[in-house]
Amino acid sequence: MIGIIASVVDGVLVGAVYGLAAMGLTLIWGVMNVINLTHGAMIVLGMFAVYFLTTAAGLSPYGGVPIVTVLGFLFGMVLYWISVNRVVGRPVLMSLLATFAMNMVLIGLGTALWSTSPYNVPVSLPGITWQGYTFTGTHIMAAALAGVIAGLLYLFLYRTRSGKAIRAVADNREAAELTGIPTRQVLSMAFGLGVALACVSGALIATLFPFTVLSGSSYQLKSFVVTVLGGLGNPAGALIGGIALGLIEGLATPFMPVSWTPIIEFALFVATLIAFPRGIFAFSRA
């Protein structure tokens, strides 16, 4: 019984990071109705960024998180103007194709630069031991940082002028333009913010598990599941959905092989779409 509780707690800690990743995906959808299929590549970009900051620059992985966030934001704004700007407001299929094409380009470049060999960020933190089970310090730190970043995002969206502009554009772009809000700049900022969240979540995941250039696809799947659980366009629900997914993985791990986890996630994805099209936690959207 203690082992199951420990597995659940560990799953919830990891789930908080899943939620942070999904917040970037759902923020972009909520503001501009664009499904960002470069999301997995952005997570991998954050992984490699923190890896090189740690191994080449000698920084602590957690000290590199602010740098990864800023670089991810700037790269996201560039990516917006290259591949997304012209498809905003067009049929969803166009944004899917544009971001999918950019995703293939990024994966190809990453494979050429770093191959598909596994990488690992050298980090170790003391954990907490309870009833003979040790809760890893890196998991606790990653979950804590995910919570802090989610709180900062909330303050930005609801307490700053730029955040209120993003919410205004999400609610009614035409009305926002009439009030003088530069909507294109706001959209690029929102996309950059979504990419920054994906990158910083990738940086945190890299402190937990080994990764390769191709790791983004599995975390992108988890982000889609979490987004559906939390409700499209609902960042707060995404965090709750991430914790819920981590809880489910923690409950399943002691009873079945890890290879069954993607099957459970797909089943949960489909079941949620059928039973709760707006998301299980859509009610929490402000």
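**Cavity**

I put the volume of the largest cavity at about 70 Å³. My search of the whole structure finds 1 cavity of 30 Å³ or more. I used a 1 Å grid over the protein atoms alone; a cavity is a set of points where a 1.4 Å probe fits but cannot get out, and lining residues have an atom within 4 Å of a point. Points are joined across faces, edges and corners, and the volume is the space filled by probe spheres set on them.

I kept in mind that this is a predicted model, in which local features need pLDDT of at least 70, side-chain atom pairs count only at pLDDT 80 or more, and totals for chains, interfaces and linings use all residues. Numbering runs from 1 along each chain as its sequence is written, and side-chain values use heavy atoms, with hydrogens and water left out.

Next I read off the lining. Ile-248, Glu-249, Ala-252, Thr-253, Met-256, Pro-257, Val-258, Thr-261, Ile-264 and Glu-265 line the largest cavity. Helix 10 (235-252) and helix 11 (261-275) each give at least two of the lining residues. I took helices as DSSP runs (H or I, at least four residues), numbered from the N terminus. By class I get 6 nonpolar, 2 polar and 2 charged residues in this lining. Here Ala, Val, Leu, Ile, Met, Phe, Trp, Tyr, Cys and Pro count as nonpolar, Asp, Glu, Lys and Arg as charged, and the others, Gly among them, as polar.

**Salt bridges**

How many salt bridges are there? I count 3, each a side-chain nitrogen of Lys or Arg within 4 Å of a carboxyl oxygen of Asp or Glu.

I checked Lys-222 and Glu-249: their N to O distance is 2.7 Å. Lys-222 is buried at 10% relative accessible area, and Glu-249 is buried at 15%. My cut-offs: buried is under 20%, exposed over 50%, partly exposed in between (1.4 Å probe, protein chains only).

Lys-222 also meets Glu-265, at 2.6 Å, N to O. This pair links helix 9 to helix 11, 43 residues apart. Shared partners join Lys-222, Glu-249 and Glu-265 into one network.

Last, I looked at Arg-173 and Glu-177, whose closest N and O atoms are 3.6 Å apart. They are 4 residues apart in helix 7 (residues 173-178), so about one helical turn separates them. Arg-173 is partly exposed at 25%, and Glu-177 is partly exposed at 40%.

Note on methods:
1 Å grid on protein atoms, 1.4 Å probe; cavity = no way out; pocket = protein on both sides within 12 Å on 5 of 7 lines; lining within 4 Å.
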